[in-house]
Amino acid sequence: MKTAAIVLSACLAAGCSGVTENTPVPNKINTNSAAISPTSPAEAVLTPAADTSNLQDEEAENTWFTGIAGITEKKNPSVTAVAILRDVRSARHSSYDRVVFEFNGKEMPSYRIEYIDKPVRACGSGDVVPFVGDGWLEVRFSDAQAHTPEGEPTIKDRTRSPNLPVVKDLKITCDFEAEVTWVLGVSSPNRYRVLELSNPTRLVIDIKHR
């Protein structure tokens, strides 16, 4: 009984109702995230949640998380090779939409995630890229590419309209000089969380429905 009381007390303190050892814990690094807005002049740079190994996308189903509306950034100066983006997928979950970026190899490239203002432009041509929705979440990877050494794209479908509750558009805007950028056109700039998963290497972005 004493052990159960200790576990229950710890769980209540962490807000981990329904959380198992295989469920990602919400990112709680920024305790003042409620004050952050996409247009806030003071940018918040956050460290994402720790990597959770051997976890399938559909199993990372912790439906409760506070999320943030500011910037998430992680730099990985120890990366030994350019990461190849090999898959991008999206799906609706019970209380959020999920977008998954999957890479070859074990190393996660550096990344920066933030809501940006329109117009959204392609990095090479400077052309305006149209998006549906009232928010634009940019996901920028460094030391990464979405094409083979021969120049063939590894992601064939680079413009998508999943029309999920929040994520309406999903388009690549840059794949140049070891930088890959995708932008999510969302119905509104709702709070989001970031998870790193391994085996295979994946960056997961969950955007709350409201």
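Q: Is Ser110 buried or exposed?
A: This is a predicted model, and in it Ser110 has a relative accessible area of 10%. Ser110 therefore counts as buried, because the cut-off for that is under 20%.

Q: Which strand is Ser110 in, and what is it in contact with?
A: Ser110 is placed in strand β6. Once its neighbours within four places in sequence are left aside, Ser110 is in contact with Lys74, Lys75 and Asn76, and also with Arg140, Phe141 and Ser142.

Q: Which backbone atom lies 2.7 Å from a polar atom of the Ser110 side chain?
A: That is the backbone nitrogen of Asn76, a residue that is also one of the contacts of Ser110.

Q: Phe141 was in that list, so where does it lie, and is it buried or exposed?
A: Phe141 lies in strand β7, and with a relative accessibility of 0% it counts as buried.

Q: What does Phe141 contact, apart from its neighbours in sequence?
A: With the residues within four places in sequence set aside, Phe141 is in contact with Phe101, Phe103, Pro109, Ser110, Tyr111, Ala178, Glu179, Val180 and Leu203. As for distance in sequence and in space, Phe141 and Ala83 are 58 residues apart along the chain, while their C-alpha atoms are 9.2 Å apart.

Q: And Phe101, what is that in contact with?
A: Leaving out the neighbours within four places, the contacts of Phe101 include Leu85, Asp87, Val88, Val139 and Phe141, together with Trp182, Leu184, Leu203 and Ile205. Thr201 and Arg202 are in contact with Phe101 as well.

Q: Which members of the largest nonpolar core touch the most other members?
A: Phe101, Leu184 and Ile207 do, within a core of 31 residues. At least two residues of this core come from each of β4, β5, β6, β7, β10, β11, β12 and β13, and the largest share, four residues, is supplied by β11.

Q: What does the second core include?
A: The second core is separate and has seven residues, among them Ile116, Val129, Phe131 and Trp136.

Q: Changing topic, how many disulfides are there, and which cysteines are joined?
A: A search of the whole structure finds one disulfide, and it joins Cys123 to Cys174 with an S to S distance of 2.2 Å. The link is right-handed, with 85 degrees about the S-S bond.

Q: Which parts does that pair tie together?
A: Cys123 lies in the loop between β6 and β7, whereas Cys174 is in strand β10, so the pair ties together parts that are 51 residues apart in sequence.

Q: How do the two cysteines stand for accessibility?
A: Cys123 counts as partly exposed, at 42% relative accessibility, whereas Cys174 is buried, with a relative accessible area of 6%.

Terms used: Residues numbered from 1 in each chain as written. Predicted model: local features only at pLDDT ≥ 70, side-chain atom pairs only at ≥ 80, totals over all residues. Heavy atoms only, no water. Core = buried A, V, L, I, M, F, W, Y, C linked by side-chain atoms within 4.5 Å. Buried < 20%, exposed > 50% of the residue type's maximum accessible area, 1.4 Å probe, protein only. Contact = heavy atoms within 4.5 Å. Polar contact = N/O pair within 3.5 Å; in protein donor to acceptor, adjacent residues only side chain to side chain. Disulfide = S-S within 2.5 Å.
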